[in-house]
Amino acid sequence: MRLSRYFLPVLKETPSEAQIASHRLMLRAGMIKQASAGIYSWLPMGFKVLKRIEQIVHEEQIRAGHIPMLMPTLQSADLWRESGRYDDYGEEMLRIKDRHGRDMLYGPTNEELITDIFRAHVGSYKDLPLTLYHIQWKFRDEIRPRFGVMRGREFYMKDGYNFDIDHDAAIHAYNRHMVSYLRTYERMGLKAIPMRADSGPIGGEDTHEFLVLADTGESEVFYDSAILDLTLGDRAVNYDDRAECAAIVREWTTPYARTDETHDAAIYDQIPEARRKSSRGIEVGQIFYFGTKYSEPMGAVVTNDKGERVPVHMGSHGIGVSRLVGALIEANHDENGIIWPEGVTPFHCGIVNLKQGDAEVDAACAGLYKALAEKGLEPLYDDREERAGAKFATMDLIGLPWRITVGPRGLKSGVVELTCRRTGTSEEMSPEAAVARVAEIYAPHTAPHWEPMAKSSFHTWL
């Protein structure tokens with residue numbers, strides 16, 4: 001994309017309403033614009049990051065054997081009355097009436113709707129296990145929306161719902177989700193710690209939140225620093241292997257890590273003092289097992305292998321897709337702007353033309369642009385008639401991980417300058433070498449991460 005043809009309304013000054021880094025930088029980098037309190041338009045740059053994150057979430061859900069679908073934003077209040085949650089949810093729920101006077105609501109979550117779908121179409125244990133998920137806009141009428149997309153009223157979220165024949169199968173689904181979430185966050189360049197948490201209005205017996213450590217986090221957290229050394233890396237995981245998934249979950253949940261609601265000082269004090277840490281955390285996801293909380297009152301039952309009609313065991317699993325954009329910025333920025341991890345960057349590389357209109361420089365930039373595109377990468381070429389300092393400031397603000405700078409002086413020696421946004425280090429090399437280096441850096445991020453599984457091999461992992 002040529003910047004002269006792109007819509008990137010960057011701001012020189014920070015709007016007064018922005019209190020935290022991610023809100024300030026998303027406004028300044030032209031990623032969002034407030035439509036009303038807690039509700040934002042996603043401008044092209046922000047939308048690209050949102051879709052990058054969504055794609056990673058889809059890939060890792062499908063990798064784990066989960067099936068995508070889409071449910072509506074508006075739901076019938078009758079379903080929520082059936083489950084008993086309509087009156088319990090509180091004023092965060094936006095309640096409306098349609099033209100016929102029927103009670104409707106803008107969905108804050110989808111347990112009731114997915115249970116209704118399940119009970120209409122599934123009746124036998126032979127159709128289990130089943131995990132369905134969607135990524136959809138949701139609405140919660142926060143009393144004090146703030147911090148930009150971190151605590152807005154309208155937000156984009158992945159919801160997954162598992163249906164299983166018994167407790168043990170449902171716990172495997174819980175473990176499978178935890179492993180898939182750990183892999184999802186790692187691909188985004190985030191360290192998201194699973195922490196024992198409170199189930200809140202969703203309900204349930206087992207639940208973990210995934211929190212990114214940040215000073216601006218809304219939750220106080222307590223943890224054993226040993227958990228920061230854990231990583232999945234390139235580990236292959238067979239999501240159909242219950243023992244393997246359970247072992248990974250034990251590995252990540254044995255070190256102490258809890259939110260303030262579930263903090264146990266007695267257990268915490270047994271950790272060696274040097275490893276006892278407290279911080280603030282940003283919630284970016286949560287998984288729940290809630291058994292038959294919804295299936296019993298709503299009649300979501302199946303016939304088991306003994307011919308008995310039994311309620312299915314369920315769980316709910318969410319990732320805050322739009323909130324992740326803010327969390328990523330909170331964890332990756334400096335005084336000059338955003339620093340995107342390679343896995344979620346809106347553009348893979350920036351190209352800065354230091355002398356627009358110079359035939360040799362223009363040609364070199366056009367050649368780099370074409371060569372990067374042929375490698376399957378998407379560059380952002382700053383071809384504006386603008387001074388060099390302003391171009392560098394824009395690139396630093398929007399945070400592309402790599403920048404190639406092209407000027408007449410370097411071209412006389414046959415070199416361009418490749419700069420790493422995170423470290424600030426630069427290296428001169430030939431244009432061909434710069435393209436090869438950038439392509440090599442992105443190879444793990446642009447290679448396919450999943451492929452559709454045959455029906456006969458549901459949950460079998462490649």
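# Exercises on a predicted model

The buried residues of helix α9 are V321, S322, R323, L324, V325, G326, A327, L328, I329 and E330. The model is predicted, so local features need pLDDT of at least 70 and side-chain atom pairs count only at pLDDT 80 or more, while totals for chains, interfaces and linings use all residues. Residues are numbered from 1 along each chain as its sequence is written, and side-chain values use heavy atoms, with hydrogens and water left out.

## Exercise 1. Burial of α9 and α1

Task: state how many residues of α9 are buried, and how many of α1.

Solution. 
- Step 1. Buried means under 20% relative accessible area, exposed over 50%, and partly exposed in between (1.4 Å probe, protein chains only). Helices (H or I, at least four residues) and strands (E, at least two) are DSSP runs, numbered from the N terminus.
- Step 2. Ten of the eleven residues of α9 are buried, and the helix is mostly covered.
- Step 3. In α1 (residues 21-28), six of the eight residues are buried, so this helix is largely enclosed by the rest of the structure. The six are A21, S22, H23, L25, M26 and L27.
- Step 4. Elements that cover the buried residues of α1 include β1 (32-36), β2 (39-42), α9 (321-331), β17 (333-334), β18 (337-338) and α11 (388-398).

## Exercise 2. Two helix pairs

Task: describe how α2 packs with α9, and how α5 packs with α6.

Solution. 
- Step 1. Axes are lines fitted to C-alpha atoms, for helices over the stretch in contact, and angles run from 0 to 180 degrees between N-to-C directions. Angles under 35 degrees count as roughly parallel, over 145 as roughly antiparallel, 65 to 115 as roughly perpendicular and the rest as oblique.
- Step 2. Helix α2 (residues 44-63) and α9 pack at about 110 degrees, with axes 9 Å apart; α2 and α9 are therefore roughly perpendicular to each other.
- Step 3. A crossing is left-handed if the near helix is turned anticlockwise from the far one by less than a right angle, and right-handed if clockwise. The crossing of α2 and α9 is right-handed.
- Step 4. Contact means heavy atoms within 4.5 Å. V49, L50, I53 and E54 of α2 meet V321, S322, L324, V325 and L328 of α9. By class, the residues of this contact are seven nonpolar, one polar and one charged. Here Ala, Val, Leu, Ile, Met, Phe, Trp, Tyr, Cys and Pro count as nonpolar, Asp, Glu, Lys and Arg as charged, and the others, Gly among them, as polar.
- Step 5. Helix α5 (residues 167-187) and helix α6 (residues 242-253) pack at about 60 degrees, with axes 9 Å apart. α5 and α6 are therefore oblique to each other, and their crossing is left-handed.
- Step 6. The contact is made by D168, A169, H172, N175, M178, V179, L182 and E186 of α5 and R242, C245, A246, I248, V249, W252 and T253 of α6. The contact of α5 with α6 has nine nonpolar, three polar and three charged residues.

## Exercise 3. The nonpolar cores

Task: which residues of the largest nonpolar core touch the most other members?

Solution. 
- Step 1. A nonpolar core is a set of buried Ala, Val, Leu, Ile, Met, Phe, Trp, Tyr and Cys residues joined through side-chain atoms within 4.5 Å.
- Step 2. Of its 76 residues, M31, I53, Y185, F210, V284, V325 and W340 touch the most other members.
- Step 3. Leaving aside neighbours within four places in sequence, W340 is in contact with residues including M31, V49, V325, L328 and I329.
- Step 4. A second, separate core of 26 residues includes L128, L130, Y161 and F288.

## Exercise 4. Backbone exceptions

Task: where does P129 lie, and where does F147 lie?

Solution. 
- Step 1. Most residues other than glycine have a negative phi, and most peptide bonds are trans.
- Step 2. P129 lies in the loop between α4 (111-121) and β7 (130-139). The peptide bond from L128 to P129 is cis, with omega near 0 degrees.
- Step 3. F147 lies in the loop between β7 and β8 (154-164). F147 is not a glycine, yet has a positive phi of about 65 degrees. With a relative accessible area of 18%, F147 is buried.
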